[in-house]
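Trainee: I would like to learn how to read a structure, one feature at a time. Can we go through this one together?

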Amino acid sequence: MPTNINSTCLANDADLRVRRPHDAELCAAAGWPLSRLLERANALRDEGHGAVVSYSRKVFIPLTRLCRDVCHYCSFATTPRQINNPYLSPDEVLAIARAGRAAGCDEALFTLGDKPELRWSEARAALVELGYPSTVAYLAAMCELVLTDTGLLPHANPGVMTRAELALLRRSSVSLGIMLESASARLCERGGPHFGSPDKHPAARLATIRAAGELAIPFTSGLLIGIGETREERIDTLLALRDLHLEFGHIQEIIVQNFRAKQGTKMALSREPETDELAWTIAMARIVFGSSMNIQAPPNLSPTDYARLIGAGINDWGGVSPVTPDHVNPEAPWPQIEALRDNTARAGKTLVARLPSYPVYCRDAARWHDAAVLPHLLERMDADGFARTDSWTPGRVGAVPRILSVPIVRDAGLDAILARAAAGERLNEADVVALFSVRGGGVAAVCAAADELRHEAAGEVVRYVVNRNINYTNVCHYGCRFCAFSKGRHSVQLRGAPYDLAHEEIARRVTEAWDRGATEVCMQGGIHPDYTGATYLRILKTVKTAAPDMHVHAFSPLEVSHGAATLGLSVAVYLERLKEAGLGTLPGTAAEILDDEARAVLCPDKLSTAEWLSVMEAAHSAGLRSTATIMFGHIDNSAQWARHLLRIRDLQARTGGFTEFVPLPFVHMEAPLYLKGRARRGPTWREVLLMHAVARLVLHPLIPNIQASWVKLGPEGVPVVLQSGANDLGGTLMNESISYAAGNQHGQEFAPAKMEALIARAGRVPAQRTTLYADVPAERRTRSFAAATLSDVVLTPLRRRRVAAVPI
């Protein structure tokens, strides 16, 4: 089953520390028959990476082909006479990068010779003309230029670097690298492939890798095999890298690259390593580094051996460019990505795009990346830290990706989890994370299983409620960092002016909604500093006076808690007062992510997870049912989603009070956290489908209704989500303020005729419902289809008011 690597770098290190093979074990493994070695490496790889084999969509930028080293196998390095200019100009760099962006690349790979200015006067003169003191300084400037102009994420391989040079490059690169190639100093002696190449001395390269670890830089390294080293020396190389990784946790991948003989080099007639020798080295790398490390072999250097390389234990193909050649190995063209996908699938794996910084480092991005790089990284990553592969975002008009059209892929592990879910068992956190981690055909499998449970629980009927949203104020003294709706001291610049609805306007909207066939008003607002518990009681009185039979679905747990505190009442007592005043049900909003680590960033002064759950449990105990929600796709991850769902399930098992579960994809366009470069741009379409599907599986059979938000998904997305476990479309709304403030483009009302037409096009049976899932009277339905055009709303300008006390 497709899974991700361990959730943190520390877990990766801990796994390696606990399971690090001793020298005697390595010696024994090195002598195993190749079939046994590959079997062990395969098992380790599957334990850490499941069925995922990753790659990076890159564009190759050869900043300079000059180098002070003279490696005997290299055809990339050349002399000033053989090139037009020592360095690519900024315009040339941008032209390559922009072509990469147009082709859908994520990575800008800067490859260049090592410190050419120390050997070539032409390089020194060119740097003076460009205005930079060194090649690394020019490289840093070009990384920044590409990052800011194109959004491509730079990865640079400039050779041996000082600590200061590494720190400079960290400001504009998401990762760096240097191939150790070999830890054997013997290869630097006369007659060896590294003779005359001072930067190839193992001590110098290991010092660079150590400094990168001290600076917390995601770092790439590896081996070059077949250049005269022995197997024992390869193991020594792996162990040297492992020791540094154990100390710093920063080595994100080990590349095992096979030597290719190139014309015009001193090693043009040297024998290339056999495929079995490459497979042996890959397998040993997997055994030395364990299950979590990323082990890579370039596919263009072994174009007929894909299955063999996967069978040896790799989980990554490295960078593949749809735009530029492999300038280091020009004789070996990149495979087409679709061909690579097909070959990977034939080996039983799923090809997944990643970023130049691997997922485990992306998920802990603030630790491993400079603040200047972070917004660009978040823009391109999904919740698991892999690359976003589509441009879809919630709230925007447009077609949705066709990811359910692929064949269903299942395995024994996934089947076991799906079977337990279908039986109504409570899944554990690891099970739920595994469901969220599926890729490719696994997504189709999970969505199909959820759809089967939907059919079992809700049949073919898709229900909706005719209602009106009334957000009575957008003034709020809480500092939720995702919210574009509320108005406080620090959010005046966001969409819309501050308002606080007059009760006459509230009554007018309620009356108009009733006349248009509504059975419910959904009412929430910011936490206005003048509001007390008496305010909410008065709002209820206003609604019930205007339309006595209108169901009032109102007040988030935060508002309930605030109201109780301002009156000096317990939450339980205050809920009884609200119920007596006409409150029918509660919206399950203000939940966001029920995980305090995420809440500390999203909404640090809001209710804690335990407090939110406590208010909901008290409401259910008072006979007030509620919805439950999740807002996802910002700073969160699949483990937090899993905990959220399980906490909702556990409360439902105790109270039975939730009527439906509502996934709310984060609409990013005007959200402060996104505008500050600290959040992703909403969930991917894959994540949206999985959230609805996994919610159905996890909450079965306790919560029978999974709702799709037409506001967030639009008419293009709703039908697909209805195939993935959802059976409800929520309310027609009439007015919608919160998503609109965040940049939503899907409108503020979805009238009954349009709602039912959409449901019918999806092959389902539409039905109006009440808030509590009862059938609506015929009179209400008739009115809803004959509704007059809405009058313009009045947003009462902000004013300070004192609310008369209501007897308690």
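Trainee: Is Glu592 buried or exposed?

Mentor: This is a predicted model, and what I say is computed from it. Residues under 20% relative accessible area count as buried. Glu592 has a relative accessible area of 8%, so it is buried. Its place is in the loop between β14 (583-586) and α23 (596-602).

Trainee: What is the phi of Glu592?

Mentor: Start with the general idea. Most residues other than glycine have a negative phi, and most peptide bonds are trans. Glu592 has a phi near 50°, a positive value in a residue other than glycine. Leu733 is another case, with a positive phi of about 75° although it is not a glycine. Leu733 is found in the loop between β17 and α29 (738-741). At 10% relative accessibility, Leu733 counts as buried.

Trainee: Which residues does a cis peptide bond join?

Mentor: A cis peptide bond joins His700 and Pro701, with omega at about -5°. Pro701 lies in the loop between α27 (685-699) and α28 (710-721).

Trainee: Now the sheets. In what order do the 6 strands of the open sheet come?

Mentor: The order is β11-β12-β13-β14-β15-β16, and the pairing is parallel. At the edges are β11 (467-471) and β16 (658-665), each of which pairs on one side only. On average, neighbouring strands of this sheet are turned by 25° against each other, direction ignored.

Trainee: How many bridges join β11 to β12?

Mentor: There are 5 bridges between β11 and β12, which run parallel. One of the residue pairs is Ile470 with Met523 of β12. On to the next strand: β12 (residues 520-524) and β13 (residues 551-554) run parallel and are joined by 4 bridges. Met523 has Ala554 as its bridge partner in β13, and Glu520 has His551.

Trainee: Which residues of β12 lie on one side and which on the other?

Mentor: In a regular strand the side chains alternate between the two faces of the sheet. In β12, Glu520, Cys522 and Gln524 are on one side, Val521 and Met523 are on the other, and all are buried. Both faces of β12 are therefore covered, since 5 of the 5 residues are buried and the strand is largely enclosed by the rest of the structure.

Trainee: Which strands does helix α19 lie across?

Mentor: Helix α19 (residues 503-515) lies across β11 and β12, running at about 170° to β11. Helix α25 (residues 638-655) lies across β15 (625-632) and β16, at about 165° to β16.

Trainee: In what order do the 3 strands of the other open sheet come?

Mentor: The order is β17-β10-β18, again with parallel pairing. β17 (728-731) and β18 (765-768) stand at the edges with a single partner strand each, so one side of each is left without a neighbour in the sheet. Neighbouring strands here are turned by 20° against each other on average, direction ignored. Strand β10 (residues 461-465) pairs with β18 over 4 bridges in the parallel sense, and Val461 has Val765 as its bridge partner in β18.

Trainee: At what angle do helices α20 and α21 pack?

Mentor: Helix α20 (residues 533-546) and helix α21 (residues 557-567) pack at about 120°, with their axes 7 Å apart. That makes α20 oblique to α21. The contact involves Gly533, Ala534 and Tyr536 of α20, and Glu559, His562, Gly563, Thr566 and Leu567 of α21.

Trainee: How many aromatic pairs does the structure hold?

Mentor: The structure holds 13 aromatic pairs. In one of them, the rings of Tyr531 and Tyr536 have their centres 5.9 Å apart and their planes at 80°, so the pair is edge-to-face. A pair of aromatic rings is described by just those two values, the distance of the centres and the angle of the planes. Both Tyr531 and Tyr536 are buried.

Trainee: Which ring does Arg780 lie over?

Mentor: Arg780 lies over the face of Trp514, at 3.7 Å from the ring centre. The charged end of Arg65 sits over the ring of Phe76, 5.9 Å from its centre.

Technical notes. Residues numbered from 1 in each chain as written. Predicted model: local features only at pLDDT ≥ 70, side-chain atom pairs only at ≥ 80, totals over all residues. Heavy atoms only, no water. Pairing = 2+ DSSP bridges. Helix = DSSP H or I, 4+ residues; strand = E, 2+ residues; numbered from the N terminus. Axes fitted to C-alpha atoms, helices over the stretch in contact; angles between N-to-C directions. Contact = heavy atoms within 4.5 Å. Phe/Tyr/Trp six-rings, centres within 6.5 Å; stacked < 30°, edge-to-face > 60°. Buried < 20%, exposed > 50% of the residue type's maximum accessible area, 1.4 Å probe, protein only. Lys NZ or Arg CZ within 6 Å of the ring centre and 35° of its normal. Parallel < 35°, antiparallel > 145°, perpendicular 65-115°, else oblique.
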